Amino acid sequence: MMKRLFNIAFCLATLFIFAGCNKADTLQKDVKSVRQILESVARKSEDKALDETACFDDGIFRDNCKKLYGIDYSELADGGIMYVSDGGSADEISIIKMKENHERAVQVLEKRAEKRVRDFTGYKPDERAKIENAKIFGLNGFSVLIISDNADSLMKIIENEIS
């Protein structure tokens with residue numbers, strides 16, 4: 001009788017253990033928001049010139065999305081920009097995540113970089129080379145533009161946050 005109770009208890013315990021496991025739980029990884037990624041960049045980066053941030057749920061980002069990227073806010077699932085508040089530098093990090101057509105997002109950021117070249121050509125021509133050497137890439141549904149003298153180190157931080 002004792003052995004039978006032990007077997008029943010063992011079977012029930014096993015059932016509860018396996019019932020708690022879900023394949024989707026083990027495959028799903030935490031996806032960070034653009035705000036979380038940019039906050040991490042601000043903490044980990046030595047580049048303190050990037051001192052202002054506007055993210056997807058901020059009114060300033062929503063109101064300026066078309067101006068910044070040439071796309072409607074409604075096309076994005078997430079996004080944000082980190083920039084130099086005084087405007088004297090072309091440095092920025094833009095990260096966007098489109099609801100659909102993720103390939104188009106990289107093109108959107110390439111056009112953003114081209115616009116920045118035009119903006120700074122007459123204003124501060126010495127910033128032009130930095131913009132022309134911008135890092136633009138897509139990773140796990142996010143598309144990223146980095147304009148900075150420290151673009152390589154910023155890119156590593158962002159890649160670690162996204163992957």
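**Figure 1. Strands E2 and E3, a pair within the sheet of this predicted model.** Strand E2 (residues 76-83) and strand E3 (residues 92-98) are antiparallel partners, joined over 7 bridges. For a landmark in this view, find Leu76, which stands opposite Met98 in E3. Strands of a sheet pair through backbone hydrogen bonds, in either a parallel or an antiparallel sense.

**Figure 2. The open sheet of 5 strands.** Follow the strands across the sheet and you will meet them in the order E1-E2-E3-E5-E4, with antiparallel pairing. At the edges sit strand E1 (52-55) and strand E4 (135-139), each of which pairs on one side only. From one strand to the next, the twist averages 10°.

**Figure 3. Strand E5 and its buried side chains.** How many residues of strand E5 (residues 142-147) are buried? The count is 6 of the 6, so this strand is largely enclosed by the rest of the structure. Phe142, Val144 and Ile146 point one way from E5, while Ser143, Leu145 and Ile147 point the other way.

**Figure 4. The partners of E5, with E3 and E4 in view.** E3 and E5 pair in the antiparallel sense over 5 bridges, and Ile93 stands opposite Ile146 in E5. E4 and E5 also run antiparallel, again with 5 bridges joining them. Here the residue to look for is Leu139, whose bridge partner in E5 is Phe142. E4 and E5 form a hairpin with 2 residues between them. In the turn, take a look at Asn140, which has a positive phi of about 50°.

**Figure 5. Helix H4 across the sheet.** Helix H4 (residues 59-69) lies across E1, E2 and E3. Relative to E2, helix H4 runs at about 85°.

**Figure 6. The largest pocket and its lining.** This pocket has a volume of about 360 Å³. Of the 17 residues that line the pocket, Leu68, Ile81, Tyr83, Arg112 and Arg116 lie nearest its centre. Which elements each supply at least two residues of the lining? They are H4, E2 and H5, and the largest share, 5 residues, comes from H4. By class, the lining has 7 nonpolar, 3 polar and 7 charged residues.

**Figure 7. Phe120 and its surroundings.** Phe120 has its place in helix H5 (residues 102-123). Is Phe120 buried or exposed? Its relative accessible area is 4%, so with a cut-off of under 20% it counts as buried. Leaving aside neighbours within four places in sequence, the contacts of Phe120 are Gly87, Ser89, Ala90, Pro125, Glu127 and Ile131. Ala90 is 30 residues away from Phe120 in sequence, yet the two C-alpha atoms are 7.4 Å apart in space.

**Figure 8. The whole chain, for orientation.** Read along the sequence, the pattern is α-α-α-β-α-β-β-α-α-β-β-α. Of the 163 residues, 37% count as buried. Among contacts between residues at least 6 apart in sequence, 56% join residues at least 24 apart.

Conventions: Residues are numbered from 1 along each chain as its sequence is written. This is a predicted model: local features need pLDDT of at least 70, side-chain atom pairs count only at pLDDT 80 or more; totals for chains, interfaces and linings use all residues. Side-chain values use heavy atoms; hydrogens and water are left out. Helices (H or I, at least four residues) and strands (E, at least two) are DSSP runs, numbered from the N terminus. Buried means under 20% relative accessible area, exposed over 50%, partly exposed in between (1.4 Å probe, protein chains only). Contact means heavy atoms within 4.5 Å. Two strands pair if DSSP finds at least two bridges between them. Axes are lines fitted to C-alpha atoms, for helices over the stretch in contact, and angles run from 0 to 180 degrees between N-to-C directions. On a 1 Å grid over the protein atoms alone, a cavity is a set of points where a 1.4 Å probe fits but cannot get out, and a pocket is an open set with protein on both sides within 12 Å along at least five of seven lines; lining residues have an atom within 4 Å of a point. Grid points are joined across faces, edges and corners, and a volume is the space filled by probe spheres set on the points. Ala, Val, Leu, Ile, Met, Phe, Trp, Tyr, Cys and Pro count as nonpolar, Asp, Glu, Lys and Arg as charged, and the others, Gly among them, as polar.
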